[in-house]
Amino acid sequence: MSKRIFLSPPHMSGKEQEYIAKVFESNYIAPLGEFVNRFEDTIKSYTGAKYALATNTATSALHLALRVLDIKDGDYVLASTFTFIGSVNAILYQNAKPIFVDSDSSWNISPKLLKKAIYKSPKKPKALIVTHLYGQMAKIDEIIDICKAEGIFVIEDSAESLGATFNGKESGTFGDMGVYSFNGNKILTTSGGGMLVSDNQEYIDRAKFLSTQAKEPTLYYEHKEYGYNYRMSNILASIGVAQMEVLSDRIKRKREIFNLYRDFLSSYKNIEFMPEIEGSVGNRWLTTLILKEHNPFELIKKLQEHNIESRPLWKPMHLQPLFKNDIAIVDGTSEELFKQGICLPSGTAMLDSDIEYISNIIIEVLDA
Ligand SMILES: *Cc1c(COP(=O)(O)O)cnc(C)c1O
């Protein structure tokens, strides 16, 4: 059988082991150390965010964001329904209630339905978690305007969209707080990791306090409230520093991969790639498309027969049994995308010939 082609495997820069060795030399193995600060600094200088906090996952960074905003029992939190569960689990950790909002033709959250959801909410929602899906920007300017007018906090789930921009401004820096992920399949990886960013120093200071067991600044161990153990280790941060050095190259390659698929499949009118909204440049984390006249699940099986990993699009949150009793303002858009969509292998180490090979299998299926 031919070598396996994965969806989005880790792609090391080559510098990681050198930096890990430095961590070992210094013996600052864990928990914190110089590389954690350096990783936070590189994120700040790349994205323009004023403050950053490295965490063990993006899920915990989102949890910290909700704690910082004092979201608790019975509060409502708006969220994109078309997203990954890690985006919204923290709402449940806080005993708050999600209100899911459907996508529009951008595949990301619909500003129109967002307004409707605010209006329909049993009480004023405290925050919105907006996902920039598959590395492509949501209509973030409209979304910020709507939420500002209503006094609703905005948390950007930029787990998939590090380096994407809207009008030249980086994903994750529009809202009150933003979150990036360095999980194994993301555009950059530290094997597991996250980052919380904000221009508000109080938010990041408070998140730092909560992420390190909420220890009071006394010589002995004094605790007035409960916290978490959510910080990133120095070893993983050293991998992150090496990965950040190649972020621009990775984005360039992700976009090339998307363009190659689009060119190879250009004669098919019954497929549609995820759009890029006006004014934005996505990182094209995954090349995703919808098939209008074929069953994507059949195509996934076919690709699997050739040892190629592909996946359905995210199953919307409002269709998950977990959320069957929660409010959802939906019009069928994300449900249709889920039924028709597929994520294609988009690893940045893939060769052009791999993409041609995969495209030819897709063409075979579409022609059958
Ligand atoms: C990966 C992902 C997360 C969770 O990130 P972790 O670092 O694995 O916790 C959250 N939201 C979205 C949209 C993701 O893709």
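Student: What should I know about the model and numbering?
Tutor: The model is predicted, so local features need pLDDT of at least 70, side-chain atom pairs count only at pLDDT 80 or more, and totals for chains, interfaces and linings use all residues. Residues are numbered from 1 along each chain as its sequence is written, and side-chain values use heavy atoms, with hydrogens and water left out.

Student: Ligand first. Which residues come nearest to it?
Tutor: Thr59, Asp157, Glu160, Ser181 and Lys186, of the 15 residues around the ligand. Being near takes a heavy atom within 4 Å.

Student: How far is an N or O atom in the side chain of Glu160 from a ligand oxygen?
Tutor: 2.6 Å. For the side chain of Ser181 the distance is 2.7 Å. For Lys186 it is 3.4 Å. A polar contact is a pair of N or O atoms within 3.5 Å; within protein, one must be able to donate a hydrogen and the other to accept it, and residues adjacent in sequence count only if both atoms are side-chain atoms.

Student: Switching to helices. At what angle do helix 5 and helix 6 pack?
Tutor: About 15 degrees, with the axes 10 Å apart. Helices are DSSP runs (H or I, at least four residues), numbered from the N terminus. Axes are lines fitted to C-alpha atoms over the stretch in contact, and angles run from 0 to 180 degrees between N-to-C directions.

Student: Parallel or antiparallel?
Tutor: Helix 5 and helix 6 are therefore roughly parallel. The classes are under 35 degrees for roughly parallel, over 145 for roughly antiparallel, 65 to 115 for roughly perpendicular, and oblique for the rest.

Student: Which residues meet there?
Tutor: Pro111, Leu114, Lys115 and Ile118 in helix 5 meet Glu142, Ile143, Ile146, Cys147 and Glu150 in helix 6. Contact means heavy atoms within 4.5 Å.

Student: And how do helix 10 and helix 12 cross?
Tutor: At roughly 130 degrees, with axes that come within 10 Å. That makes helix 10 oblique to helix 12. Leu299, Lys302 and Leu303 of helix 10 make the contact with Ile358, Ile361, Ile362 and Val365 of helix 12.

Student: One more pair: what about helix 3 and helix 7?
Tutor: Their axes come within 9 Å and cross at roughly 115 degrees. Leu64, Arg67 and Val68 of helix 3 contact Tyr203, Arg206, Ala207, Leu210 and Ser211 of helix 7.

Terms used
Helices (H or I, at least four residues) and strands (E, at least two) are DSSP runs, numbered from the N terminus.
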